[in-house]
Amino acid sequence: SHIPCTEGICTINVSVTWTNIGGTDGSFVPNITIDGIPADPIYSSEILAGNNNSVTHEFPLSNLSAGDHAICPDPN
């Protein structure tokens, strides 16, 4: 998704939920990128056991310049 920044410098919090829709147990590392750059914090591996199990993490994004930023959650 894209998040616009209307001020000169923005700080926003992004809450991202990953949901297992495949029904198969698996693990992943929740990650988010801003304009292709990985954002901190980096979370450890998460296990999604069973269909519809989910996990949510908060990502504070700071020092964003004005403009339209590409915010991409990625289970890598």
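Accessible areas here come from the Shrake-Rupley method with a 1.4 Å probe, and for residues only the protein chains shown count as cover. On that basis the chain exposes about 4600 Å² of surface, 53% of which belongs to carbon and sulfur atoms.

A quick word on provenance: this is a predicted model, where local features need pLDDT of at least 70, side-chain atom pairs count only at pLDDT 80 or more, and totals for chains, interfaces and linings use all residues. Residues are numbered from 1 along each chain as its sequence is written, and side-chain values use heavy atoms, with hydrogens and water left out.

The chain has six strands and zero helices (DSSP runs numbered from the N terminus: E, at least two residues, for strands; H or I, at least four, for helices). Of its 76 residues, 30% are buried (under 20% relative accessible area; exposed is over 50%, partly exposed in between, 1.4 Å probe, protein chains only).

Now for the rings. The structure holds three aromatic pairs (Phe, Tyr or Trp rings, the six-membered one for Trp, with centres within 6.5 Å; planes under 30 degrees apart are stacked, over 60 edge-to-face, the rest tilted).

W18 sits in strand 1 and F59 in strand 6, 41 residues apart. F59 is buried at 0% relative accessibility, W18 is buried at 8%, and Y43 is partly exposed at 21%. Ring pairs join W18, F28, Y43 and F59 into a cluster.
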